[in-house]
Amino acid sequence: MIELKDKLNPAQLEAVSVIDGPVLVIAGAGSGKTRVIEYRVLNLIRHNIAPSSILLLTFTREASRRMLSRATQHDSRCELVDGGTFHSFAYKTLKKYSRAMGMAESFSVIDENDAGEAIQRCAASMGLFDKEKRFPKKDTLRAILSGCINRNLQVAAILEKEYPDFIVYAPEIEQLGKKYAAYKLERNLFDYDDLLIYLKLLLENPRIRQRISARYRYVMVDEYQDTNKLQADIACLLAHGHNNIMVVGDDAQSIYGFRGASHENIMGFPTRFKECKIIKLEENYRSSQSILDLANSVLENMRNKYSKCLVSARKSSGDKPEMLFFNNAYNEAEWIASKIKELRDEGVHLCEQAVLFRSAYISIPLQAELSKRNIPYRVFGGLKFYETAHVKDLLAHLRVISNPKDELSWLRILMLIPGIGPKTADKVMGGISINARLGDILDKSFSAYDKNKFGAGLGKLESALKSASAKDIGVGERFGAALDYYIPLLKEKFDDWSLRLNDLETLRQIACRYDSLEQLLADFTIESPEAGVSRVDPGVPEDERPLTLSTIHSAKGLEWDCVFVLGLAEGVLPVSFALDDESEIEEEHRLFYVAVTRPRNNLFLSLHHEASRPGISQFNRICRFIDSPNIMARLNNQAIFEPDIDDDEIEEWAGAGRSLYSKKSLLERASGYF
DNA sequence: CCGCGGAGTGTTTTT
DNA sequence: CACTCCGCGG
C-alpha cells in the first residue's frame, strides 16, 4: 500500500487529502497537477467513496485517460471513475435525459463545417444573401453566433468587438441565430455549443440536478483556467447539492480565450464557493533550473502579473535553453531533424522529444525533412482526420441511418451521385418529410425519380442504405456496406483515392470495435481520433515510439525530455491577427509560456527569416516575447546560422523552386527605402 | 440544372 | 494553397 506522504510534498498532500467541500488548486507549470488528481482519486476511493460517484472533467479525453490509468495502477477500482471532456459528458448525459427534456432520443452531433452549412441554408431561406451582398459569409456567421454563446455576449457586442463592419446586420444575425436553433431542433442536430447549452438547461431543473449531483458526489475539473462561462456554470450546477468540487488550473496558462475561456472563472471561484480552500503548488518537478529561469523571466514580462515563481526541485541547473536563427525554413528543418537524430543516438528516445509550433502549417517543411530521413513522427493538432472529405462522405451515409432527419448528411450523400447538384438534392430533400422513417424514405421518396437520369444512382444509394441499415448486423458490417457503395464514387472523385481508401479501411477497423453506430458517430465528432493511430499502444517498446509534432495548444499538460519550439517570429507567434489587440497579445504570451515550460531537460527555440506562403506576409523580426534583455540573458548560443552555400547548392535550390527571398519580400525590401 | 474551369480571396488555436 | 464564387458550355 502506497503511503501518500512519501509520494507528495506538503502542498500536494493537503490538496489530495481534502475529502469534502470546495477546493481551488492553483498549480504552476510542472508542479504535479496530474499527480494531485491521480492521488486524490485514489485517496477518495480509499475512504470508501464509490468510484462511479467521482466525475473527472478534463479538456481532452487523452488527459482523463492518462490520469485514470495511472491511478488504476495503484488501485483497479479507479477504472470505474467517470471522466471525459465537458462535451463528451454533455453528450452522455443528454442522451440519458433527452426524453425527459422533450427531445428526440437519438440525435447527431455536427462539427463546425456542418454547422456552417446549416447556417448558410437558414440564412439563404431568410433571403439574407439576396438583399445585401456584403452580408457576412457562413463561417463568419457561425463564428459570431458561437461567440455569443461561449462568451455570454449579445450579437451586437460581439460585432462591435470583432466585426465592426457588420454592426448594421445585428438584427438580422439575431434572427438567424433563432432560425438556426429551430433548424437543429427539428432535425435532431446538436452542434458543439448546443451540447453545453442543453446540459446547462437540464441541470437548471432542480429535480434532475438533484438526481445527477446525487450520482456524482465528487466533481473534479482539470484546466479550469480554460473553461468558459457556460462550462463553469455547468461545473457549479453539478456541485450544487454537495459542494464537493475541486478545480485545478493555472491562470498563467490560459490559452483558450478565443473560445470564450475566461480567467474570471478561476479568479471568481472563491467568490462562488465561499468556504473554498485555496492551495498553491509552486514547486516544479519537471524542468531544470535553467529552463525555469527562462519561464520565470517570461512571467515577469507579462503585463498581467501572475503571482508565481517556479522553483525547481531538481539539483543541477542543466543546459541553458538555446536560441537559433536560420535563413529559411529548410535550414531550420534540416538542423532540427539532425539534432533530433543526434539526441536519439545519445539515448533520448524519439518519444521523449517534441517539436511545438503555433500553427500547423509551420511544421510542413519539417515533416518533409523527417520523412526524408525516416524519422517516425505523429502530428497533433491541425487538420483532423474526420474532417477530410472522404471520411465525412462515408460517415454521412451512416449518419442518415442513425438519424434520418439529418438533412445535412442527406444533401451531402445525394450530391455525390452523378447528375445531382444542389438544386436536385434540394428537390429530393423536399420529398423526404423530416418526420419520415428511413424505410419510408427509401421506399417512397426515392422511387419517384426512377425515370430521371440520376435514377439509377439513386437506386444504388437506396439499396446500399437498405443493406447498411439491416436489422441485427454489427457496426462494422454497416460500415462495410456503406464503404462498398462509396468506393466507386471515391475513385471518381479523388485522384489520390488509394491513399484515402487506406484511411477508410483503418476507419473500418475502428468501427468494428463499436456496439453502437450512434456512439461511433458521436465519438468521431466529439473526440476525434488521430489519423491512423488510435492511441499509443503500450505494447510498442519505448525506443520505437514516434516523435511528437504538436501545436502548442495540443501540447498543454504534456512534457518531454527535449522540446523544440519553432517559428518564433513576429506574425507567427504572436500570430499576425493578434498584433493589434493587447489582450490577444497577452494570450499569445501565455502560449509562449506554455511552450517553454514543456521540456524537462533541453529547450531549443528557433525561427527562420522567411515564412513564404502565398498570400501571407513575410515575418522577419524575432518574436517580441524573446526580444528583451532579461530573456536573452537566459538563452545560450544565440548563434546566427548562415551556412556557407556553394554554387551547386544554389542550382539545386532553384531546381526545387526555393529562393532566399520571395518576390513579395523583395518588393517590400526594395520599396522600404522610400 | 450540372459541373467544369478560372478568378478571387483569405489563411490560428479546439470541442 | 485550398476553398468559394461566378460564368459558361453542355
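These legends describe close-up views of a predicted model. Local features need pLDDT of at least 70, side-chain atom pairs count only at pLDDT 80 or more, and totals for chains, interfaces and linings use all residues. Residues are numbered from 1 along each chain as its sequence is written, with chains lettered from A and ligands numbered from 1 in the order in which they are written.

**View 1. The largest nonpolar core has 121 residues.** Val25, Leu195, Val219 and Ala235 touch the most other members. Helix 23 (residues 475-493) gives the largest share, nine residues. A second, separate core holds 55 residues, including Ile362 and Cys623. A nonpolar core joins buried Ala, Val, Leu, Ile, Met, Phe, Trp, Tyr and Cys residues through C-beta atoms within 7 Å. Helices are DSSP runs (H or I, at least four residues), numbered from the N terminus.

**View 2. Helix 11 (residues 192-203) packs with its axis within 10 Å of that of helix 13 (residues 229-238).** The axes cross at roughly 30°, so the helices are roughly parallel (angles under 35 degrees). Among the contact residues are Leu196 and Leu199 of helix 11 and Ile234 and Leu237 of helix 13. Contact means C-beta atoms, placed from the backbone, within 7 Å.

**View 3. Ile45 lies in helix 3 (residues 33-46).** Ile45 has 19 C-beta neighbours inside 10 Å and therefore counts as partly exposed. Buried means 20 or more other C-beta atoms within 10 Å, exposed 12 or fewer, and partly exposed in between. Beyond its neighbours within four places in sequence, Ile45 contacts Pro51, Asp75, Arg77 and Cys78. The C-alpha atoms of Ile45 and Arg77 are separated by 7.7 Å, at 32 residues apart along the chain.

Methods:
Helices (H or I, at least four residues) and strands (E, at least two) are DSSP runs, numbered from the N terminus. Axes are lines fitted to C-alpha atoms, for helices over the stretch in contact, and angles run from 0 to 180 degrees between N-to-C directions. Angles under 35 degrees count as roughly parallel, over 145 as roughly antiparallel, 65 to 115 as roughly perpendicular and the rest as oblique. Two residues are in contact if their C-beta atoms, placed from the backbone, lie within 7 Å.
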